[in-house]
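Here is a brisk report on one protein chain. Keep the sequence and the coordinates at hand while reading.

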Amino acid sequence: MATPSYDVQPLFAEPYFRMDIGHAINDEQIAFIKSLAMIQNKTNLISENLYIFEEPILKSIKDAVQEALDIYATTVMGISQKLYVTQSWSLVNPPNVGMHGHTHSNSIVSGSLYYCDMPEPVARMIFDRYKTYRQLELNPDGDKQNLFNTPMNIITPKNGEVILFSSDLQHFVETNTATEPRYSIAFNTFVKGKLGSYRDVSELTL
């Protein structure tokens with residue numbers, strides 16, 4: 001029996017963006033971030049200061065992150081409005097600690113910055129396509145997973161990289177099985193500019 005002819009095409013795609021900004025990070029900044037006061041998060045440690053990009057010593061990092069956001073806004077999102085960082089914070093995953101699954105509220109694009117060497121083996125970021133409770137679980141067989149049906153995607157971060165993704169994407173971090181802590185910075189963004197249309201009475205200036 002002949003195989004039926006068929007075609008499968010994506011309707012939508014969910015992007016993520018990665019860019020090396022290691023040139024904007026120096027040893028003094030790394031030491032400063034590592035010295036920040038930390039408190040207990042749900043599972044890992046989070047900085048007391050939740051606006052660390054406002055620290056003058058981190059200006060070159062903030063500027064490089066802004067450059068990445070500008071590229072993302074114009075090239076990936078295709079918008080004329082400007083993305084800017086709202087909150088920014090440091091995270092530490094000690095050995096045997098991961099990061100719980102979560103999304104980012106009151107944010108459009110979120111990011112992770114890996115500002116220093118990653119311990120081996122590198123604990124990866126896991127993105128989950130499902131954001132709510134599922135009454136039916138119809139997961140594809142392991143050898144049948146593809147772009148259209150995979151329930152999760154995995155990113156292995158690298159030193160010096162900033163990774164950008166939609167804030168409503170559920171994500172978590174694997175348990176750090178290395179003997180050294182895993183350091184990172186996370187941040188949220190919002191837009192400024194004009195949204196909507198004056199004539200359609202939907203205009204909003206941010």
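Predicted model: local features only at pLDDT ≥ 70, side-chain atom pairs only at ≥ 80, totals over all residues.

**Overall build**

The protein has two helices and 13 strands. Its C-alpha trace spans about 70 × 55 × 35 Å along the principal axes. The chain has 206 residues, and 39% of them count as buried. Take the contacts between residues at least 6 apart in sequence: 82% of them join residues at least 24 apart. The accessible surface comes to about 12400 Å². Carbon and sulfur atoms account for 52% of that surface.

**Salt bridges**

The structure holds six salt bridges.

| E161 | R18 | 2.8 Å |

The bridge between E161 and R18 links distant parts of the chain. E161 sits in strand β9 (residues 161-166) and R18 in strand β1, 143 residues apart. Are these two partners buried or exposed, or in between? E161 is buried, because its relative accessible area is 8% and the cut-off is under 20%. R18 has 30% relative accessibility, so it counts as partly exposed.

The D63 and K59 pair is local. Both residues belong to helix α2, and because they are four residues apart, about one helical turn separates them. K59 is exposed, with a relative accessible area of 51%. D63 counts as partly exposed at 39% relative accessibility.

**Polar contacts**

H102 lies in strand β5 (residues 99-102). Its relative accessibility is 16%, so H102 counts as buried. The side chains of H102 and H104 are joined by a polar contact of 3.4 Å. Which residues does H102 touch, not counting those up to four places away in sequence? They are L169, Q170 and H171.

D117 is found in the loop between β6 (109-113) and β7 (125-128). D117 counts as exposed, at 62% relative accessibility. Its side chain makes a polar contact of 2.9 Å with the side chain of N159. The C-alpha atoms of D117 and E174 are separated by 17 Å, and the two residues are 57 residues apart along the chain.

**A nonpolar surface patch**

Y6, V8, L147 and F148 make a nonpolar surface patch of about 480 Å². One of these residues, V8, is found in the segment before β1 (16-20). V8 has 45% relative accessibility and therefore counts as partly exposed.

Note on methods
Residues numbered from 1 in each chain as written. Heavy atoms only, no water. Patch = residues over 30% accessible without salt bridge, like charges linked within 9 Å, V, L, I, M, F, W, Y side chains within 5 Å. Areas by Shrake-Rupley, 256 points an atom, 1.4 Å probe, with all protein chains shown as cover. Salt bridge = Lys/Arg side-chain N within 4 Å of Asp/Glu carboxyl O. Buried < 20%, exposed > 50% of the residue type's maximum accessible area, 1.4 Å probe, protein only. Polar contact = N/O pair within 3.5 Å; in protein donor to acceptor, adjacent residues only side chain to side chain. Contact = heavy atoms within 4.5 Å.
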